[in-house]
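These are notes on one model, written for a colleague who has not seen it before. Please read them beside the sequence and the structure.

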Amino acid sequence: MILGLVKWLQPVHGYDVRRELMSWGVDQWANIQPGSIYHALRKLAEEGLLAEVATEQVGGRPARTTYRVTRAGDQEFQELLRRYWWEYQDPFDPFGAAFSYLPALPRREAVAALRNRVRLLEARIEPMRALLAGEPEWSKYKPAHVTWMAELTVARAEAEIAWCGRIADRIAAGEGWHDSEVDQAEFGRRWRAAIADEFGPGPVEK
């Protein structure tokens, strides 16, 4: 993200890189935190992927360094760009780890948590839905792919919203089991049996 933006805007100050990335909401979908951007710029410069063009200070303001992409940085950007276009990586979400331990939650709390996740997802994509539904004057200056990215975000969230609703209904209807409802030894036996059915017996079972 940072290499591409410097390449696009060069020569560019770190402040402008940060402001532009934050306007894209990268802290929400690209795992880029505002406080890490200046460090990343310096690190990329140390690695020879960016070059410092100049450092200037106006009045009492903090000094600003201007960057450009080096030949090595451009090559790195092109390689990363094509890797992420042509490969697939599962998106990381801590909810997946939490859901793995669904039985540890009381049934009613699990249902409530899933219903709440629906509300959180709805709130997150509501601004994007409004953006896609409206046609403000400035939209004619917006690249088409920005709209398509918003469509992808909304589609993914809507799919998870529907899934959360279905699973919450199934849990509320009594499907599955939870720690508070079964004997722990019995739960362990069921779990080991399920794993053995899926992957074959382990050394102990053999």
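1. Basis. The model is predicted, so local features are given only at pLDDT of at least 70 and side-chain atom pairs only at pLDDT 80 or more, while totals for chains, interfaces and linings use all residues. Residues are numbered from 1 along each chain as its sequence is written, and side-chain values use heavy atoms, with hydrogens and water left out.

2. Make-up. The protein has 9 helices and 3 strands; helices (H or I, at least four residues) and strands (E, at least two) are DSSP runs, numbered from the N terminus. The order from the N terminus is α-β-α-α-α-β-β-α-α-α-α-α.

3. The protein has 206 residues, and 25% of them count as buried, that is, under 20% relative accessible area; exposed means over 50%, and partly exposed lies in between (1.4 Å probe, protein chains only). A contact means heavy atoms within 4.5 Å. Among contacts in the protein with a separation of 6 or more, 59% join residues 24 or more positions apart.

4. Two strands pair if DSSP finds at least two bridges between them. Strand 1 (residues 12-13) is joined to strand 3 by 2 bridges, and strand 2 (residues 50-56) is joined to strand 3 by 6 bridges. Tyr67 in strand 3 has Val12 opposite and also Glu52 opposite.

5. Thr65. This residue lies in strand 3 (residues 64-69). Thr65 counts as buried because its relative accessibility is 19%. Leaving aside residues up to four places away in sequence, Thr65 touches Val12, His13, Gly14, Glu52, Ala54 and Thr55. The side chains of Thr65 and Thr55 make a polar contact at 3.2 Å. A polar contact is a pair of N or O atoms within 3.5 Å; within protein, one must be able to donate a hydrogen and the other to accept it, and residues adjacent in sequence count only if both atoms are side-chain atoms.

6. Helix 7. The expected span of a helix is 1.5 Å times one less than its number of residues. Helix 7 (residues 107-133) has 27 residues and should therefore span 39 Å, which agrees with the 38 Å between its end C-alpha atoms. Where does helix 7 have a kink? A kink of about 35° lies at Ile125, shortly before Pro127; the bend at a residue is the angle between axes fitted to the seven residues ending there and the seven starting there. The buried residues of helix 7 include Ala110, Leu114, Val118 and Ile125. Their cover includes helix 6 (94-99) and helix 8 (144-172).

7. Gly174. This residue is in the loop between helix 8 and helix 9 (184-199). Gly174 counts as partly exposed because its relative accessibility is 44%. Gly174 and Arg107 are 67 residues apart along the chain, with 8.4 Å between their C-alpha atoms.
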